[in-house]
Amino acid sequence: MSKFEHFSAQMAIDAVRKAALLCAHVRANLTADGALAKNDKSPVTIADYGSQAVILHLLQAATPDIPVVAEEDADALRADDNAALRAQVFAEVRRILPQLGNPEILAAIDRGNHTGGPAGRFWTLDPIDGTKGFLRNDQYAIALALVEDGQPVMGVLGCPELPCGHEATAKTGCLLAACRGEGAWLYPLDAGEAAPVKVSSTADTALACFCESVESGHSRHDWSATVAEKLGITRPSVRMDSQCKYASIARGDADIYLRLPTRPGYEEKIWDHAAGCLVVEEAGGTVTDIRGKPLDFSAGRTLRHNSGVVATNGRWHDQVIAAIQAATPA
Ligand SMILES: Nc1ncnc2c1ncn2[C@@H]1O[C@H](COP(=O)(O)O)[C@@H](O)[C@H]1OP(=O)(O)O
Ligand SMILES: [Mg+2]
Ligand SMILES: [Mg+2]
Ligand SMILES: [Mg+2]
């Protein structure tokens with residue numbers, strides 16, 4: 001790993017940990033006026049804006065020349081109608097970074113407007129992935145990746161509600177990080193030693209545990225049920241919000257993650273997959289779209305050359321792709 005990647009991984013882990021503190025504090029105190037609906041009707045909360053402000057400010061300080069492709073912008077926050085929400089974002093960010101003034105916070109959020117593309121380096125950030133999970137007190141993730149010449153080369157997934165191990169005493173909150181060619185690592189979210197992670201060694205698809213979105217609007221549950229039947233899987237799917245599904249595959253908790261398109265025109269966003277994809281690949285797994293094509297992070301802010309996502313432990317990925325194709329709904 002180059003010196004730059006080592007430095008940026010440490011910095012990205014630190015930034016995600018700080019954002020996770022903000023998210024946990026907001027969630028513990030969240031009321032109905034802490035969220036807005038965006039133009040596409042999806043929710044955004046004080047914590048989405050606050051997390052993006054904290055991370056983008058820290059990235060600007062550490063890597064000022066690297067642009068960022070991030071999910072949120074500050075347009076809605078600037079509206080007169082949202083003055084109360086804006087004030088709460090400022091207060092939450094200053095709990096983590098006390099020196100930041102209001103204009104700097106808005107400017108940090110707006111640094112995420114890069115277009116992405118095939119050349120050079122950029123960061124991509126989902127400040128809260130699975131906002132619907134966050135609002136339901138379920139799983140969510142903070143996902144940050146560094147993309148170089150169209151390939152994720154470093155990824156960090158903060159998973160504040162995912163237990164750090166399987167023992168009853170395991171702490172809640174973990175973080176997975178990966179650098180290309182260096183493997184994937186699991187850390188306690190707050191602080192502590194890293195341990196390497198590996199995908200499962202499940203050899204028979206019939207014994208596989210598969211996971212998918214909670215939201216039926218994000219992935220077709222009827223299609224995945226038919227795929228499971230074709231593969232001989234009898235266990236029901238584990239439904240989970242956010243890139244915590246990639247974390248589950250990387251750790252070997254689940255064997256297959258299916259994200260089957262609900263409608264033809266939807267383009268997956270790069271920040272929804274870059275960190276998770278690298279973490280799974282570095283843990284020994286395989287990630288493609290539903291036709292078996294690698295995810296193409298070089299096409300801009302979306303994965304417009306791909307359709308859906310499939311992540312597996314890599315042992316029988318082709319068999320899963322074949323089952324998806326054979327089960328394509330009319
Ligand atoms: N129709 C859709 N198909 C797939 N993913 C979607 C769709 N609409 C929203 N999403 C994205 O799914 C992610 C959450 O996925 P999951 O269901 O796995 O938790 C969010 O980032 C959300 O985007 P957004 O952040 O714009 O709301
Ligand atoms: Mg997301
Ligand atoms: Mg998000
Ligand atoms: Mg969102």
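**Figure 1. Contact between domain 1 and domain 2.** In this predicted model, 38 residues of domain 1 are in contact with 27 residues of domain 2. On the side of domain 1 that touches domain 2, the elements giving two or more residues are β3 (68-70), β4 (121-129), α6 (131-135), β5 (141-148), β6 (151-163), β7 (172-179) and β8 (184-188). The most comes from β6, with seven residues. Sorted by class, this side of domain 1 holds 20 nonpolar, eleven polar and seven charged residues.

**Figure 2. The two domains of the chain.** Residues 3-197 make up domain 1, and residues 205-326 make up domain 2. Taken over C-alpha atoms, the centres of domain 1 and domain 2 are separated by 22 Å.

**Figure 3. The shell around ligand 1.** Ligand 1 is surrounded by 14 residues, of which S42, G130, S213, H218 and D241 are the closest. By class, the shell consists of eight polar residues, five charged and one nonpolar. Ligand 1 lies between domain 1 (3-197) and domain 2 (205-326), because both domains give residues to its shell.

**Figure 4. The largest nonpolar core.** This core has 104 residues, and those with the most contacts inside it are L144, L157, L176, A250 and V279. Domain 1 (3-197) and domain 2 (205-326) each supply at least three residues to the core.

**Figure 5. The surroundings of V279.** V279 is among the residues with the most contacts inside the largest nonpolar core. With its neighbours within four places in sequence left aside, V279 is in contact with G155, L157, L176, A178, A184, Y246, A247 and A250.

**Figure 6. The chain as a whole, for orientation of the close-up views.** The secondary structure comprises ten helices and 14 strands. Along the principal axes, the C-alpha atoms fill a box of roughly 55 × 45 × 45 Å. The radius of gyration of the chain is 19 Å, which agrees with the value near 20 Å that a compact globule of 330 residues would have. Buried residues account for 50% of the 330 residues in the chain. Of the contacts between residues at least 6 apart in sequence, 72% join residues at least 24 apart.

Note on methods
Residues are numbered from 1 along each chain as its sequence is written. Chains are lettered from A and ligands numbered from 1 in the order in which they are written. This is a predicted model: local features need pLDDT of at least 70, side-chain atom pairs count only at pLDDT 80 or more; totals for chains, interfaces and linings use all residues. A residue is near a molecule or strand if its C-beta atom, placed from the backbone, lies within 6 Å of it. Ala, Val, Leu, Ile, Met, Phe, Trp, Tyr, Cys and Pro count as nonpolar, Asp, Glu, Lys and Arg as charged, and the others, Gly among them, as polar. Domain bounds come from an automatic or database domain assignment. Two residues are in contact if their C-beta atoms, placed from the backbone, lie within 7 Å. Helices (H or I, at least four residues) and strands (E, at least two) are DSSP runs, numbered from the N terminus. A nonpolar core is a set of buried Ala, Val, Leu, Ile, Met, Phe, Trp, Tyr and Cys residues joined through C-beta atoms within 7 Å. A residue is buried if 20 or more other C-beta atoms lie within 10 Å of its own, exposed if 12 or fewer, and partly exposed in between; C-beta atoms are placed from the backbone. The radius of gyration is taken over C-alpha atoms; the globule rule is 2.2 Å times the number of residues to the power 0.38.
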